[in-house]
Amino acid sequence: MSYTLQVSDLNVQFYTRRGIYKALNGVDLSLKQGEIFGVAGESGCGKTTLGLTIMGLLPKNAAVTQGEVLLAGNRDLTACLRNAAPSEGEKFNIKQSEEAIKKLNRESCDIRGTKISMVFQDPMTSLNPVLQIGFQIAETIIAHQPRPLAERKIARTKVTHDDLGQIIKLLKEGADEQAINKYAESKNLHGIEDQVLSVWRRNDLGETKKEKIILSLHSEKLGSFEKLVLERVGSGKNIGGWMRIPGINRAAKNVLLKEGYIKATELLSMLEVPNPDKVVRMYPHELSGGMRQRIVIAIALANNPELVILDEPTSALDVTVQAQILELTRHLKHRFNTSFIFISHDLSVLSEVCDRIGIMYAGRIVEIAPIDAVFSRPLHPYTRMLTKAIPTIDGNEIQGIGGTVPDMRNVPIGCSFNPRCPDATEKCRSAKPSMVEVEEGHFVACFPKGD
Amino acid sequence: MRLWVYIIRRLLLLIPTLIGLTFIVFILSHVSGTNVILSEYISPKLTGAARQILVQQLTNQFHLNQPIYIQYFYWLWQILQGNWGVTNTPIFSGQVNTAIALFLPNTLMISIVASILIWVIGVPLGVYSAVNRDSPADHSLRIGSFTLYAMPIYLIGIVLILLVGVYLKILPFSGVVNPVSVSSASWYVNGISYPTHIILIDAIIHGAWGIASDAFLHLILPSVTLALAIVASMIRILRSSMLEVLDQDYIRLARSKGISERSVINLHARKNALLPVITLFGYTVAGLLGGAVVVETIFNYPGIGYWTTQALLVSDIGGIMSAALLFGLILMFANLIVDIVYALVDPRIRY
Amino acid sequence: MSEAELKTRKWENTRLSLSVFFANKAAVIGLIIVMAYVVDALLVQFAPQAIGIHSPGTLVENFYNTVPSPPSLAHPFGTTYPGVDLFTSMVKAVRIDLFYSVLVVAIGAAVGSIVGVVSANVGGLMDEIVMRITDVFFSIPYLILALAVGFILGRSLLNMSIALAIVWWPLYARYTRSQTLSTKEFTFVEAAKASGVSRLKIMYKHILPNALPPVFIQISLDLGSIMVIFSTLAFIGFIENASIPELGYLSSLGLNYIQTAPWTVIFPGVAITLFALAVNLVGDGLRDVMDPRRRS
């Protein structure tokens, strides 16, 4: 079984003037390809830190003291940070940490935005207020996959009306993506299938309208400069050489940017943003929170990443928008087989989309189970209390959990839940339980329950 | 399209502000009574019947026997026609228009050069300082700008004069141009050069390279002094603004997109960080004007500031009023430009 | 929380604040320097004879030897035109400069803060009007106002201070207003209102303690800026008679002798720079203490 992501014994600490906060205390997690894995827990349990550590976006006063994060089996995402962390007894050196972060940023450019990406919690502050929406989306496409962009445009110049008609015929006959690709390849029209398919898949247009749009995708004219840039990029090279001169560089980038805007429009329509062609020219402050979150999702998905981390994507939005976004997540998983890590404090939200859930408490994952098992057979006392605390439609009495989340500067000895746990034993207070597989795919870290 | 609406609205707002400014200047100058107007045109030595006749003449000419608000309109009409009155200062006596034509170009010249220096030096240094926080370069920049900020502008000027002008002897530090060299220029008459009134530009237009380079050399120290006085606060503000921006969520998102760090800094961060700096540019211009006064005094650079100081020291009403009006106008237009530039950069305020 | 617990909490907070401040070595040095200036001013004001100064309010001129002379044993900083001992003059001048700077900042801060807090609390049309007024004053450059005041009231240090205070108060009004507005949003104010506490009391007990600390930082920074501006104006000539000890004026005395006697201009200027530097360092240290982010 190939895992998209493997987290082993991850320990992350934050160094502040008020003390050292141990945010993650040994997190273990294996993510399968194409699954939606939920991470649940109260505020302060470390879920966001987990997401940030995987992406390598920790602030400079954080250190990975132990553990590793492996992407696709072989790429250790935390090596840099780990090397910079202070060893036992050493004082935290913030400069070293800064250097490590800079190094990590440089090295991560080839996976961020293209293999892994993240959607953050607050859509109101996630987008740059002075840049157009289209630019913010197109930027990530151009940075990682400029070649398909060039190919798209070139294909539009080469394709004929008849070719397009033929493709439409194939689509009506029910041909799938692969068949269309083959057809395009055979006619040396690589790049046209992407555009045709995105129009075809739109839900807001009737079939005749869609046909019309597809049939208009031909005989595009190119200026000679445009031709030069596109051919160069289309053959896989970067914009370089004489095109690096400041003014010309800007013009060359704009050629790509124009096509990027068109692709951005397609992405937005896939995410069911109304009037996408207008939206790409707007600025973030002109849009609502739900729209902004969709744009952030569009940015995260633009390059078809293998893993998307969603950090409380719906917490700042109202319920109707929340439902739409959850629907979207399900749809994307089916379409692209992307793996998702869905972080939320709301178990009911997670129950809608996830395949498996991991419950986090005080920096550790205390239970991992398939979605139905979490609600029907919760094992860990904390999980049980969480499920009982959800308001349900049949009006069962809600039970809160006594006590408060521990101060992460002084994590309780033994099992971190023991002060609040009704089933705590002597062993719980002295030793830390490790994850035990109690039934197929259902793990729990609890002495009374795990044995 | 929104941008044009904003600009037009802003321009329209200019009119009441103009009226307000002229009104305030007018009222202030008349606070001590209408005798001041008379004293502008009448030499104190004139007495007796001749004085009475002149007083009568002036009273009629300037409608001084009318109520104050009527006088305002007559005065405003004069102003709009370009007749700003008369000034009597040690360095120049005559029509204010001539004085302005004589002095303003010089001040403009050093102000513009100083502004260019401020932006060209200030922005890269401010950004660099924030991005490479706590590096040795950042520390020295901070100490340097801290010290500059604490220095009164005349001290900066004096230090420059001593270092560069006196000890190293590489730059001149007095006047606009060597008077000997321009004495034979046909386009330089009575201290005013034609057609643009700016010696440097006119010299280039007329191909007089010797004069041009001389004027340029004279320009350097005053402009650098002005620039140094102001760039210090700009670097500090830009640095803290940049640091604040770098902490923002959208920068984190930009990094998560995997774009190069250079793009993150120059494209995403810098534009946002410049916003408060642009707002403050209005105050920069105020600082330039204030600084020009001092700089021109130290470097014997005959500009508006020098003339204003002299007017103040001898209580020359014509000069003071006109200077106040002129400064006010310059500042208003500077603020207008600042507002427009800000609207260009920040799309959020175009409503 | 009990009384005792509150007290220990406050003490712990104060200790944290002090440790943060004193960790900043630059701020400590700044504080020492500022203290030195204050001591100087106080000494000259209350016990001038003790340090050998006989006429604290005027410069002692020696018209027989008007040419500036370089530093020597008799005159540690040299002399300036017209025969004034630079060192004693500077010692006297510090008192004047410090006094007027404090005056300007005190007036500006007091008037501005009150206007700002009240305006933000009253809100509505009143608030709008006050804001427009501050806008007008804000856009007046201090130079023009100094010109106007100098012309109408005559050129004197006091009038200059008035002019500067007039230009400065809008800054505080704006600052305290925005602080008040954001503090008002805090729920504990809502809670107090909900429990029926009178508006005035809210303003006094809840809003003021939260809005004021940043103002103190601004005040400390402004002290330096004002002294620089003040002395620059005096340098240009904003002084009522030729014998007032003032650092900027002292510098201007030596203008004609720049090439032969640079110390005449530089030393008073350095005195100003040193004070502004020191006060800025202290302000930075205060900012470290008050800004919750920098505390960790």
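This is a predicted model: local features need pLDDT of at least 70, side-chain atom pairs count only at pLDDT 80 or more; totals for chains, interfaces and linings use all residues.

Me: Where does B:Asp134 sit?
Reply: B:Asp134 isn't a glycine, yet its phi is positive, about 65 degrees. As for its place, that's the loop between α5 (96-131) and α6 of chain B.

Me: Which loop holds B:Asn300?
Reply: B:Asn300 also has a positive phi without being a glycine, at about 50 degrees. With 13 other C-beta atoms within 10 Å, B:Asn300 is partly exposed. Its loop is the one between α13 and α14 of chain B.

Me: Over in chain A, which strands stand at the edges of the sheet?
Reply: The open sheet has eight strands with mixed pairing, ordered β6-β7-β8-β3-β9-β10-β12-β11 (chain A). A strand with a single partner has one side left without a neighbour in the sheet, so the edges are β6 (116-119) and β11 (436-439) of chain A.

Me: What is the bridge partner of A:Ala40 in β9(A)?
Reply: Strand β3 (residues 36-40) and strand β9 (residues 356-361) of chain A run parallel, joined by four bridges. In β9(A), A:Ala40 is partnered with A:Ile359.

Me: How many charged residues are on the side of chain B that touches chain C?
Reply: Chain B brings 33 residues to the contact and chain C brings 30. By class, chain B's side has 24 nonpolar and nine polar residues, and the charged count is none: no charged residues.

Technical notes:
Residues are numbered from 1 along each chain as its sequence is written. Chains are lettered from A and ligands numbered from 1 in the order in which they are written. Two strands pair if DSSP finds at least two bridges between them. Helices (H or I, at least four residues) and strands (E, at least two) are DSSP runs, numbered from the N terminus. Two residues are in contact if their C-beta atoms, placed from the backbone, lie within 7 Å. Ala, Val, Leu, Ile, Met, Phe, Trp, Tyr, Cys and Pro count as nonpolar, Asp, Glu, Lys and Arg as charged, and the others, Gly among them, as polar. A residue is buried if 20 or more other C-beta atoms lie within 10 Å of its own, exposed if 12 or fewer, and partly exposed in between; C-beta atoms are placed from the backbone.
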